[in-house]
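Work through the exercises below with the structure open beside you. Try each task before you read its solution.

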Amino acid sequence: MARGMIIIGAGECGGRAALTLRDLDYGGPVTLVGDEPHPPYERPPLSKEAMAGDAPEIKAIASDAMLAENSIRHIHSVQAVAIDRAAHNVRLSNGSVLPYDKLLLATGSTPRKLPMPGLGARCVYLRTFADALAIRGHLSAGNRIAVIGGGFIGLELAAASRKLGASVTVIEAQPRILMRGVPAEIAEIIHQAHVTEGVDILCGDGIASIADDGRQVRVTLAGGREITADLAIIGIGAVPVTGLAAEAGLAIDNGVTVDTELRSSDPDIFAAGDCCSFPLAVYGGRRVRLEAWRNAQEQGALAAKNMLGAGEAHAAVPWFWSDQYGLTLQIAGLSDEGKSTVRRDLGDGAFILFHLAEDGRLVAASGIGPGNAVARDIRLAEMLIGKQAKPAPEALGSQAVKLKSLLAA
Amino acid sequence: MSDWVEACAADDIDEEDVMRFDHGGRTFAIYRSPDDEYFATDGLCTHEKVHLADGLVMDDVIECPKHNGRFNYKTGAARGAPACVNLKTYPVKVDAGKVLVQIG
């Protein structure tokens with residue numbers, strides 16, 4: 001009899017993997033282990049739509065009923081504490097021991113902690129629905145919010161806070177916001193949108209000290225400026241959750257090291273989503289780790305296939321988006337692969353920057369505009385990137401040339 | 001039953017493309033397939049109510065511009081996560097260069 005499939009981590013990636021196993025007609029036991037009390041749910045809304053209403057709601061990927069229908073056993077509110085690779089089992093914090101044929105680590109990432117003293121109850125991070133509820137409680141008119149870190153989570157929460165009437169100061173140690181992965185030209189548009197909405201953005205000044213007395217937080221910058229806030233939201237990146245894998249002796253390299261089929265250094269253990277680093281085929285096998293919703297989804301599904309022996313290599317192009325005020329940003333590919341850029345204007349202030357490698361390959365495309373103005377062309381760019389196409393720069397830059405026509409070439 | 005409503009001119013939509021059509025407080029998406037047939041579905045993605053007409057049409061699939069949920073626009077069938085609820089489709093005919101939709 002099959003020992004079954006165990007998935008550790010019941011987020012986007014783990015949830016998709018479990019459903020995919022059933023979609024592929026796997027008939028053995030499927031067990032999903034998660035440390036939160038909820039069924040798998042979507043995290044992107046936590047910094048966006050979930051903050052807009054009075055009471056954030058869970059957007060489930062698979063409800064309890066759907067899990068039951070698919071005979072997926074969801075063990076919630078527990079930690080996996082050890083993997084016995086020789087015996088092929090996993091020990092949980094509730095004492096139970098579960099046997100597996102194949103194991104998937106979908107443990108995700110966790111907010112990077114601000115390494116300084118003085119943090120207290122009014123210094124918070126966002127990862128889970130519980131975190132979102134706690135933060136939402138502070139986002140009211142008249143409250144002062146300090147956002148530490150000018151990355152996506154911080155900026156989305158800054159936008160949400162402004163909509164609810166709170167005053168917001170964003171503190172970024174780097175010379176500009178969105179230093180990682182977003183071209184300066186696009187970051188500047190987002191910066192201006194925040195300024196227009198009344199957000200105070202302070203760049204290029206590190207934090208000297210933090211004092212949190214449990215009711216308010218005082219942040220002192222290296223340059224001497226002081227910001228007093230009712231809540232400090234810290235969004236300075238995320239680190240992969242690899243403790244369990246490391247203890248089990250699996251190879252770790254900025255995440256659980258996996259091959260193109262998402263298999264770890266143990267052939268019966270796979271890893272997918274935020275917690276793994278993998279060779280990205282489109283850039284000649286460059287090892288990357290992605291913290292992105294679609295990647296979690298795609299890798300969860302791919303890992304499930306390969307747990308069943310499909311032997312399919314990962315081939316997707318990285319893609320992510322962010323919503324702030326009425327603007328949507330979408331980026332396909334990794335822009336740091338590019339050496340030059342070509343701009344394509346789409347009207348209504350929307351534009352796309354195409355990033356080209358030295359040999360002319362399209363390696364990334366970064367777009368921003370109102371609503372979904374850039375979506376279609378970014379999707380086409382993603383396909384061109386996947387094909388390692390070398391489109392003529394003048395064609396990319398001209399609105400008269402349809403991107404779809406370049407795909408056929 | 002309900003009447004046929006004129007949505008647009010047949011030439012308004014390129015082959016393998018989509019257009020938004022609003023009528024009576026509702027929104028629809030009108031498609032022209034690569035083999036030059038016309039189709040209509042509800043205009044909003046079943047995942048998060050985003051206008052599908054901003055998305056990309058490839059063969060018989062429309063992809064949501066926001067989160068890449070995919071649907072077969074000919075049948076309305078959801079074809080990929082995060083979309084799991086099918087789209088409603090509507091009969092379409094072309095008459096004298098006009099695209100007509102029967103919205104029930």
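**Exercise 1. Two packed helices**

Task: In this predicted model, describe how helix H1 (residues 12–23) and helix H8 (residues 293–307) of chain A pack, and find which residues meet.

Solution: Two packed helices are described by the angle between their axes and the distance between the axes. Begin, then, with these two values: the axes of H1(A) and H8(A) make an angle of about 35° and lie 7 Å apart. Next comes the handedness, and here H1(A) passes H8(A) in a right-handed crossing. For the residues, look at each helix in turn: H1(A) brings A:Glu12, A:Cys13, A:Gly14, A:Arg16, A:Ala17, A:Thr20 and A:Leu21 to the contact, while H8(A) brings A:Trp293, A:Ala296, A:Gln297, A:Gln299, A:Gly300, A:Ala301, A:Ala303, A:Ala304 and A:Lys305. Sorted by class, the residues of this contact are eight nonpolar, five polar and three charged.

**Exercise 2. The nonpolar core**

Task: How many residues does the largest nonpolar core have, and which of them have the most contacts inside it?

Solution: In soluble globular proteins, nonpolar side chains tend to be buried together. In this model the largest nonpolar core has 149 residues, and those with the most contacts inside it are A:Ala17, A:Ala381 and B:Ile30. A:Ala17 is also one of the residues of H1(A) that meet H8(A). To see the surroundings of A:Ala381, set aside the residues up to four places away in sequence; A:Ala381 then touches A:Ala332, A:Ile352, A:Phe354, A:Leu362, A:Ala365 and A:Leu403.

**Exercise 3. The contact of the two chains**

Task: How many residues does each chain give to the contact, and what classes are found on the side of chain B?

Solution: Count each side separately: nine residues come from chain B and eight residues from chain A. On the side of chain B that touches chain A, four residues are nonpolar, two are polar and three are charged. The predictor's own scores can be read next to these counts, with an ipTM of 0.89 and a pTM of 0.94 for the complex, and with an average pLDDT of 93 for chain B, where 98% of the residues score at least 70.

**Exercise 4. Charged residues and burial**

Task: Decide whether A:Glu156 is buried or exposed, and do likewise for A:Glu172 and B:Arg70.

Solution: The step of reasoning needs one cut-off, namely that a residue is buried if 20 or more other C-beta atoms lie within 10 Å of its own.

- A:Glu156 lies in helix H5 (residues 152–163) of chain A, and it is buried because it has 22 C-beta neighbours inside 10 Å. Leaving aside neighbours within four places in sequence, A:Glu156 is in contact with A:Ser47, A:Lys48, A:Ser322, A:Asp323 and A:Gln324.
- A:Glu172 belongs to strand E11 (residues 167–172) of chain A, and its 24 C-beta neighbours inside 10 Å make it buried. Not counting residues up to four places away in sequence, A:Glu172 touches A:Gly149, A:Gly150, A:Ile177, A:Leu202 and A:Cys203.
- B:Arg70 lies in strand E7 (residues 70–72) of chain B, and it counts as buried because it has 20 C-beta neighbours inside 10 Å. Under the same exclusion of residues up to four places away, B:Arg70 touches B:Val61, B:Glu63, B:Arg79, B:Gly80 and B:Ala83.

**Exercise 5. Positive phi in two loops**

Task: Where does A:Ser77 lie, where does B:Glu16 lie, and what are the phi values of A:Ser77 and B:Glu16?

Solution: Most residues other than glycine have a negative phi. A:Ser77 is not a glycine, yet its phi is positive, at about 60°. A:Ser77 lies in the loop between strand E3 (72–75) and strand E4 (80–84) of chain A, and it is exposed because 11 other C-beta atoms are within 10 Å. B:Glu16, also not a glycine, has a positive phi of about 55°. B:Glu16 is placed in the loop between strand E1 (4–9) and strand E2 (17–23) of chain B, and with 17 other C-beta atoms within 10 Å it is partly exposed.

**Exercise 6. Distance in sequence and in space**

Task: How far apart are A:His38 and A:Asp64 in sequence and in space?

Solution: Along the chain, A:His38 and A:Asp64 are 26 residues apart, and from C-alpha to C-alpha they are 8.7 Å apart. A:His38 itself is found in the loop between strand E2 (30–33) and helix H2 (49–52) of chain A.

Notes:
Residues are numbered from 1 along each chain as its sequence is written. Chains are lettered from A and ligands numbered from 1 in the order in which they are written. This is a predicted model: local features need pLDDT of at least 70, side-chain atom pairs count only at pLDDT 80 or more; totals for chains, interfaces and linings use all residues. Two residues are in contact if their C-beta atoms, placed from the backbone, lie within 7 Å. Ala, Val, Leu, Ile, Met, Phe, Trp, Tyr, Cys and Pro count as nonpolar, Asp, Glu, Lys and Arg as charged, and the others, Gly among them, as polar. A nonpolar core is a set of buried Ala, Val, Leu, Ile, Met, Phe, Trp, Tyr and Cys residues joined through C-beta atoms within 7 Å. A residue is buried if 20 or more other C-beta atoms lie within 10 Å of its own, exposed if 12 or fewer, and partly exposed in between; C-beta atoms are placed from the backbone. pLDDT is the predictor's confidence in each residue, from 0 to 100. Axes are lines fitted to C-alpha atoms, for helices over the stretch in contact, and angles run from 0 to 180 degrees between N-to-C directions. Helices (H or I, at least four residues) and strands (E, at least two) are DSSP runs, numbered from the N terminus. A crossing is left-handed if the near helix is turned anticlockwise from the far one by less than a right angle, and right-handed if clockwise.
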